[in-house]
Amino acid sequence: MSADRPIGAAPGPVARTVILSVVGILFAIPILAMVAFSFRNLAGGYTVAHWASVFSSAATVTYGVVFTGLGNSLLLAMVTVLIMLVILLPTMILVQLQFPRLRRVLEFVCIIPITVPAIVVVVGLAPVYSVVARLAGSSVWTLAFAYGVTVLPYAYRAIQSNLSVVDIVTLSEAARSLGAGWSSVLVRVILPNLRRGILAAAFITVAVVLGEFTIASLLNRVTLQTALVQVSKSDPFVSVIFSLLALAFAFVLLLLIGRLASDRRTRRTRPARLEKKAS
Amino acid sequence: MTIEASRPRSARRIASWLGLTPFALYVLVFLAIPTLLAVLSGLFDTQGRVTTANIAALFAPDILKTFASSFWISAVTAIVGAVIGALVCYALLGTKPQGALRSMVDSAASVLAQFGGVMLAFAFIATIGIQGVVTVLLEGFGINIFENGVWLYQVPGLLLPYIYFQVPLMIITFMPALEGLKPQWAEANATLGGSRLTYWVRIAGPVLAPSFFGSLLLLFANAFSSYATAAALISQGAQIVPLQIRAALISETVLGRSNMAGALALGMVVIMVVLMWGYSALQARTTRWQQ
């Protein structure tokens, strides 16, 4: 074996470049096709008319349903993040601190939504929502209860991967023995150490909620995705433009949050940080 | 220990247990009850009597055909997705985890695997639809991709969009296993005179195999249960199981066969439970090497 080739599992630079560029180009084609399609003129040639119509002042009227759906989806994303922060996060911290034996149970429960897909749950959600509508009204935000379950596996994994590298049991015992009350342990010790996981969980929640179609469509709610399908039947260009914008938005947001997380990881300014060997 | 001393302790214990109730209640109402309602409703008729008619209807030829379609589309896209995804993971080995390349790939993979759905259907309509960019481009070269009929809005049309979200999911699920390969193993292999081939065949291969097949099962389950892309592409007919559930749900007021959706849901859950059980068994084997 030549000396310049790595001994480890990593591929050589040529193999890496070939694989990544071939797959990269293949995966770029549909996205580039969307861009090209959005400039297509039905009579032939290219035009900016489709983009102009989306950004014109009349757009909120012409494509009212898309903007309603977008508004609803953003509201749902916020309420779902709130549900995750208020219901899932405290439970995970509590189980980590007080009920180590329940960790496996909690994990099992949080993974269930992968096994029971949305298309199955929605069959049983209709009767549940007729009760919810009686108790909480039939406003759009109530759909967030169902979404909270959909995002459970993603949010759980994001928070758990953070919990497993930070020893919050030792940290909170240390803080308690130094005289801190439970509330300051939570706010000043545990939550700052879980920032990265919480942030990742919140973002993946937003992404999943903005992209959710199954439950909204079969419960007849208007969200971004159901609105896009509705508009695509009369104006495919506009639904392609909105899809491009939504995909780009999600990509940029994920990229920013990824950067933010890695910045914090390398800066290491927190004195209260105690990390186990990550491997 | 005196009673006075133990009281606050047990009180705190009770308070801790109470702290678990919001989550328990939430999961009960929005996960357990809907799932049970969905799965059990297939066992009852519209009058609420126990019946096996809906379950028997699962074995009718046309329903079996949709299960078969679902199976082959899931199998093909899972295998192709797993192989391409694993290749990309391999190519990414040795790049800096915090580098620009990795964060781009990570973000793009997350977006496509978890966010796409309906929008991927639009992407492929824009690419290989009747007016699609690639379709028109190829027509310029005299190639008509729809020579034998327009297949994009049929089951074969799901293949490309599904692979488009399966590969990113493979990258997300398989990358951690590949990164778990310890450099010491490669060094030990080299010191003992092994080649790169022996390293991959004798060491990395066996260590990664459970994870690879686990991810393959996850991809299969992912395609099998996916609804949005298919619903946006195929507006008429019910060629795969999730679309059959849509048809059963929509037609309930018309035909009065409300509980067929429940029977289909039950059939799906049985298959999903088997798949996910296999996945977690294989996953447990994987983590053995990642201590």
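The confidence of the predictor in each residue is expressed as pLDDT, on a scale from 0 to 100. The two-chain structure is a predicted model, in which local features require a pLDDT of at least 70 and side-chain atom pairs count only at pLDDT 80 or more, whereas totals for chains, interfaces and linings use all residues. Residues are numbered from 1 along each chain as its sequence is written, and chains are lettered from A, with ligands numbered from 1, in the order in which they are written.

The model scores ipTM 0.83 and pTM 0.84. Chain A has a mean pLDDT of 83, with 89% of its residues at 70 or more; chain B averages 84, and 93% of its residues score at least 70. Two residues are taken to be in contact if their C-beta atoms, placed from the backbone, lie within 7 Å. Over residues 267-279 of chain A, pLDDT stays under 50, and the model has 16 contacts beyond four places in sequence for this stretch. Residues 1-5 of chain B also have pLDDT under 50, with 1 contact beyond four places in sequence. Where pLDDT is low, the predicted coordinates should not be read in detail. Helices (H or I, at least four residues) and strands (E, at least two) are DSSP runs, numbered from the N terminus. In chain A, confidence is lowest in helix H3 (residues 59-62), at a mean of 74, and highest in helix H7 (residues 143-150), at 93.

The secondary structure of chain A consists of 13 helices and 0 strands. A residue is classed as buried if 20 or more other C-beta atoms lie within 10 Å of its own, exposed if 12 or fewer do, and partly exposed in between, with C-beta atoms placed from the backbone. By this criterion, 41% of the 279 residues of chain A are buried. Among contacts in chain A between residues at least 6 apart in sequence, 79% join residues at least 24 apart.

Chain A is divided into domain 1 (13-52) and domain 2 (56-267), the bounds coming from an automatic or database domain assignment. The C-alpha centres of these two domains of chain A lie 30 Å apart. Contacts between them involve 7 residues of domain 1 and 7 residues of domain 2. On the domain 1 side, helix H1 (13-38) and helix H2 (49-55) of chain A each give two or more residues, and the largest share, 4 residues, comes from H1(A). Ala, Val, Leu, Ile, Met, Phe, Trp, Tyr, Cys and Pro count as nonpolar, Asp, Glu, Lys and Arg as charged, and the others, Gly among them, as polar. The side of domain 1 of chain A that touches domain 2 has 5 nonpolar, 2 polar and no charged residues.

Between the chains, 70 residues of chain B are in contact with 71 residues of chain A. Helix H2 (residues 21-41) of chain B supplies the largest share of the chain B side, 13 residues. By class, that side comprises 51 nonpolar, 16 polar and 3 charged residues.

A nonpolar core is defined as a set of buried Ala, Val, Leu, Ile, Met, Phe, Trp, Tyr and Cys residues joined through C-beta atoms within 7 Å. The largest such core has 163 residues, of which A:Ala155, A:Ile204, B:Ile171 and B:Ala265 touch the most other members. Helix H10 (residues 182-211) of chain A contributes the most to this core, 14 residues. At least three core residues come from each of domain 1 and domain 2 of chain A. Apart from neighbours within four places in sequence, A:Ile204 is in contact with A:Val151, A:Tyr154, A:Ala155, A:Ala158 and B:Gln114.

In helix H9 (residues 168-177) of chain A, the buried residues are A:Ile168, A:Ser172 and A:Ala175. Viewed down the axis of H9(A), these residues fall within an arc of 60° and therefore line one face of the helix, the arc being that of the directions from the helix axis to the C-beta atoms. A:Val169, A:Thr170 and A:Ser177 are exposed on the other side of H9(A). The buried residues of H9(A) pack against helix H4 (64-98), helix H8 (152-163) and H10 of chain A. Just after H9(A), A:Gly179 adopts a positive phi of about 100°.
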